[in-house]
Amino acid sequence: MISVLTRIFGFHNLALAEDVVQDAFCQALEVWKFRGLPENPSAWLMACAQRKAIDVLRRERTAREFAPELGRLAESEWTLVPAVEQRFAPHTIQDDLLRMMFSCCDPRLKEEAQVALILHILCGLSVGEVAGALVAGHAAVEKRIGRAKQVLAGARGLYEIADERQVTARLPAVQRALYLLFNEGYHGASTQDVIRGELCRDAIRLARLLQEHPAGDTPATRALIALMCLHAARLPSRLDAEGELRSLLDQDRSRWDRALLAEGQHWLERSATGAELSDYHLEAAIAWMHGSARSAEATDWPRIVALYDQLLAVRPSPVVALNRAIAVAQAEGPERGLAAIRAIDRVEKLERYPFYPAALAELELRRGHTDVAREHFERAKSLARNPSERRFFEQRLEACGASG
Amino acid sequence: MSQYLFLYRGAQRPTSPTEAQQVMQKWMTWFEELGKRGHIKDPGQPLEPTGKVVKGRQKSVTDGPFAEAKDLVGGYTIVEATDIAEAAEISKGCPIFERDGFVEVRPVMKM
């Protein structure tokens, strides 16, 4: 809704667009109080926002200043209403969402600012909720979003996506932001599962929107959707019935979301066109190897190691290297896995990542070095980012005690 | 059964969308409850806090507000009850009291 209104009012009036939305929302609640929820609340809200946008433009004598894209149309009552109505048509809304997405991924903004802005403007999260989702301080996020809006206010209109070259130019940044958004939901440290699930769903929704645009529909976009679906399919089993964190190796695979797995597979197949092999392709392929295996033992670990090797070549990262080492351990035993961990480049980057000592601990435990394992698990516990991680490491510590 | 007009007066407006949502939830629950017990003739409508006042022989038109904010009518409902005592009793369940508002209960005059 904010996207549509920003299109009408221009980026320099983003605050006005937000006010209109908030106004529409408050009015809706007031009326629903008496009349009950309408059958289609979001359509009702849209209609309400549309009326309010027209009111604002009527009030402003300088409508042209307020609605650069409507131009002269805003100056006459005869053309104002149809012009605004047209901006609220469903296909226009989709376009505006997409343009807003591209606008948020402005190269002048840091990646974390882009993600925060997408969450705030496109997913409708309040500043507090964005802070919760990104596990950052409220004041810091408020500043980040405020500064980002200021940068964008310089551009009067939304990013133009009618020209394919312009879409192509910014496409990698948009894909990257959606990838980070999804990761925030999937791997992030937020303790609230509801938030995490919603972040994942939002990321998938926006990625699909991107794919529906002819210039956005590239193999990498399809691979991105595939990897999101394949990961999201495993969300239901990350916590067991008691709400405890479960490692991939001993998850209840019957709880994986079959429909999402199938959809992920569908997109993975459709991504295999053209010469481009993106990191999204490789990550989706790894996720599919896990998703299609009946059990941890039945997984084709050597193939996963090979995929990780390719991924490291495209996107070198200590976290990817750590995941590769775990796959090596599954394929060739804990000794080789430990050697792979020791060989990780820039390992100091993992210093505060709890699953780094945890991986060391698992492998030490597996080769019978219980005392060393216990030390590593203690370290992991001290780095835990939320209570469920802490309980998970405590349980692993107990496992050390039992066998030692 | 007789009809009674409930005038909702003077409640504080919610200050955040979250608060507005909670207020709406309470009102919807209340209306649902009244409906189930057969007391709702017309759920009524909320009213905008602004408007015009037309007054005097000159019929001069001025902008609202019409009364002190604490007395402002924010909406109405038409309720069915056996007598004024029951109608007043029914009004006690209204969430408006949590927000420093009050309900004016007026019998609708019979033809």
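Hi everyone, let's start where the two chains meet: 11 residues of chain B are in contact with 11 residues of chain A. Keep in mind as we go that this is a predicted model.

Which elements of chain B supply at least two residues each to the side that touches chain A? They are α1, residues 17-36, and β2, residues 40-46. The biggest giver on that side is α1(B), with six residues.

Now let's go inside. The largest nonpolar core holds 91 residues, and A:Met101 and A:Met228 have the most contacts within it. Helix α12 of chain A, residues 219-232, gives the most to this core, with nine residues. What does A:Met101 touch, leaving aside residues up to four places away in sequence? Its partners are A:Ile118, A:Leu122, A:Val174 and A:Leu206. There is also another core, lying apart from the largest one, with 26 residues. Among them are A:Leu29 and A:Ala53, along with B:Tyr8 and B:Ala87 from chain B. As background, nonpolar side chains in soluble globular proteins tend to be buried together.

Next, two helix pairs. Packed helices are described by the angle between their axes and the distance between the axes.

Helix α10 of chain A, residues 164-186, packs against α12(A) at an angle of about 5°, and the axes are 11 Å apart. That angle makes the two helices, α10(A) and α12(A), roughly parallel. On the α10(A) side, the contact uses A:Gln175, A:Leu178, A:Tyr179, A:Phe182 and A:Tyr186. From α12(A) come A:Ala220, A:Thr221, A:Leu224, A:Met228 and A:His231.

The crossing of α8(A) past α9(A) is right-handed. Which residues make the contact? From α8(A) we have A:Val127, A:Gly128, A:Val130, A:Ala131 and A:Leu134, and from α9(A) we have A:His138, A:Val141, A:Glu142 and A:Ile145. Sorted by class, the contact of α8(A) with α9(A) comprises six nonpolar residues, two polar and one charged.

Technical notes
Residues numbered from 1 in each chain as written. Chains lettered and ligands numbered in written order. Predicted model: local features only at pLDDT ≥ 70, side-chain atom pairs only at ≥ 80, totals over all residues. Contact = placed C-beta atoms within 7 Å. Helix = DSSP H or I, 4+ residues; strand = E, 2+ residues; numbered from the N terminus. Core = buried A, V, L, I, M, F, W, Y, C linked by C-beta atoms within 7 Å. Buried ≥ 20, exposed ≤ 12 C-beta atoms within 10 Å, placed from the backbone. Left-handed = near helix turned anticlockwise from the far one by under 90°. Nonpolar A, V, L, I, M, F, W, Y, C, P; charged D, E, K, R; others polar. Axes fitted to C-alpha atoms, helices over the stretch in contact; angles between N-to-C directions. Parallel < 35°, antiparallel > 145°, perpendicular 65-115°, else oblique.
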